[in-house]
Amino acid sequence: MNAQAERRQRGGEVGVRALEAWTGLQEHCRAVEPLHLRQLFADDPKRGERLALEAAGLYLDYSKNRITDETLRLLLRLAEQRGLPARIEAMFRGEHINVSERRAVLHTALRAPKNERVVTDGTDVVPEVQAVLERMARFAEQVRSGQWLGHTGKRIRNVISIGIGGSDLGPVMAYEALRFYGERTMTFRFVSNVDGTDFIEATRDLAPDETLFIICSKTFKTLETLTNAHAARDWSLRTLRDERAVARHFVAVSTNAEGVAQFGIDTANMFEFWDWVGGRYSMDSAIGLSTMIAIGPQQFRDMLAGFHAMDQHFRTAPLAQNMPAIMGLLAVWNSNFLGASTVAVLPYEQYLKRFPAYLQQLTMESNGKHVTGGGERVDYDTGPIYWGEPGTNGQHSFYQLIHQGTRLIPCDFIGFCQTLNPLGPQHDLLIANVFAQSEALAFGKSEQEVKAEGTPDWLVPHRICEGNRPSNTILAERLTPATLGTLVALYEHSVFTQGVMWDIDSFDQWGVELGKQLAARTAPELESVAEPKLAHDSSTNALIRRYRRLKGTGAGARA
């Protein structure tokens with residue numbers, strides 16, 4: 001039995017749970033659990049104004065969380081005991097805080113202004129970042145203006161970005177979020193799924209001689225991305241019939257110049273990024289090339305400025321006024337002390353329809369860890385499940401469970417005071433729902449209120465909404481490229497804050513690798529003409545045999 005297990009057996013705590021602030025929060029939680037938000041607001045008429053923050057163009061109302069001033073004091077004490085200020089500074093200074101991969105974590109350098117210095121391993125990385133941005137800008141302008149011509153002399157009208165994970169979710173989300181600012185004479189599509197349907201539907205109505213593919217793969221070895229890239233190459237050459245066409249219809253975002261050249265892409269059209277950029281933090285790197293082509297280099301720079309504004313706030317603001325830190329600490333409170341296992345992200349903005357999906361990777365790939373940075377098994381929950389849909393659609397779908405279900409689901413509401421598309425009373429009604437939903441979750445409807453409406457006694461229990469359901473509300477003036485950058489950075493740094501509190505490495509993803517390794521082993525067994533010798537478990541062996549027996553007998557195979 002190791003020392004950690006022995007301490008648990010004796011009833012002692014280890015690591016994070018041994019901290020005075022953590023044990024204080026556990027004791028304090030027993031005092032908070034009976035409190036209702038109705039009473040907290042009644043006792044403090046200024047609560048809604050007092051428990052709010054403004055930073056980098058965002059306004060955060062966190063007053064509808066089940067917290068008191070003592071809760072905040074203890075959470076901030078926990079942050080101090082976990083060394084959050086020093087950890088923030090270590091990240092910005094380029095120290096190797098990704099301990100399992102022995103790397104710096106410098107996505108913040110991707111949006112640093114030209115005059116800043118960000119040094120890691122003795123090298124100032126800002127000039128390299130700016131050089132890639134300049135190359136991206138030149139290329140984007142060539143494509144947008146029609147100067148970049150395809151192999152047959154036609155201008156590019158379609159751009160398809162091929163990637164997966166962070167090489168896809170960020171660009172897709174950013175394109176949809178900033179579609180209002182996009183180049184409407186061009187078509188932008190994204191392929192990530194190795195399911196052939198994704199590629200077929202993306203290219204079905206496009207002409208190869210007018211289509212540019214951006215292949216996004218840091219190593220240029222990612223199985224799904226390379227499989228789709230070769231499908232794109234075959235699709236193009238069936239029409240263009242000249243290997244030289246690849247250089248005019250394909251560019252790469254990668255670090256593997258040799259692999260890019262072997263594919264047929266001119267390495268002059270390879271846009272680099274670095275091992276200190278994690279995939280889920282890369283939408284503002286060269287991975288965002290499709291975004292830059294869509295919205296233009298200046299708008300892309302505006303997005304980077306939004307990122308940087310929140311970076312500077314996170315780095316310099318005291319913890320008590322630090323928006324990402326407060327959001328991260330509240331997430332820890334809701335998860336580890338109030339028992340919430342999920343967080344619903346609810347943007348009341350149709351352009352942000354892919355934002356919850358983007359956050360799923362950012363949050364769960366970052367903090368879905370069961371060991372500390374030192375390799376010890378944790379004995380507390382980490383990484384709540386993030387999910388959501390745009391409002392008002394979600395209200396007619398899953399809000400019922402949030403209001404009256406048996407699970408506590410904290411919510412992040414996101415709204416904008418100005419719409420990009422004015423249309424009658426729609427926007428006022430949209431934002432009225434933001435405020436109404438957070439109010440209903442907090443205060444509910446009591447038995448007395450239901451009875452006062454003349455509800456029959458038999459129906460009363462069905463109409464009671466207990467309330468006391470926590471939420472944050474984030475407001476901004478309007479959705480712009482800068483606002484999007486600020487909003488993404490807010491969640492990036494909130495995720496980092498949570499990881500520091502849990503003593504985990506938020507920047508590796510070893511769990512993802514296992515599935516990739518097993519898939520690489522299994523794929524040849526599915527493709528083999530000869531019956532393979534299988535050495536999996538009995539379930540996997542049976543599934544492989546069934547698939548091999550049936551895969552050639554369907555309508556698709558006969559077509």
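Two strands are said to pair if DSSP finds at least two bridges between them. In this predicted model, β7 and strand β8 (residues 250-253) meet that criterion, pairing in the parallel sense over four bridges. Within this pairing, F213 stands opposite F250 in β8. Strand β5 (residues 158-162) also pairs with β7 in the parallel sense, here over five bridges, and S161 stands opposite I214 in β7.

Attention may now turn to the open spaces of the model. The largest pocket has a volume of about 850 Å³. Its lining comprises 34 residues, of which T222, G279, Q509, E513 and K516 are the closest to the centre. Helices α8 (166-177), α10 (223-240), α16 (355-367) and α22 (510-527) each contribute at least two residues to this lining, and α22 provides the largest share, four residues. Sorted by class, the lining of the largest pocket consists of 11 nonpolar, 13 polar and 10 charged residues.

The second largest pocket has a volume of about 380 Å³. Fifteen residues line the second largest pocket, and Q350, T419, Q426, H427 and L430 lie nearest its centre. Its lining has five nonpolar residues, nine polar residues and one charged residue.

Notes. Residues numbered from 1 in each chain as written. Predicted model: local features only at pLDDT ≥ 70, side-chain atom pairs only at ≥ 80, totals over all residues. Heavy atoms only, no water. 1 Å grid on protein atoms, 1.4 Å probe; cavity = no way out; pocket = protein on both sides within 12 Å on 5 of 7 lines; lining within 4 Å. Points joined across faces, edges and corners; volume = space filled by probe spheres on them. Nonpolar A, V, L, I, M, F, W, Y, C, P; charged D, E, K, R; others polar.
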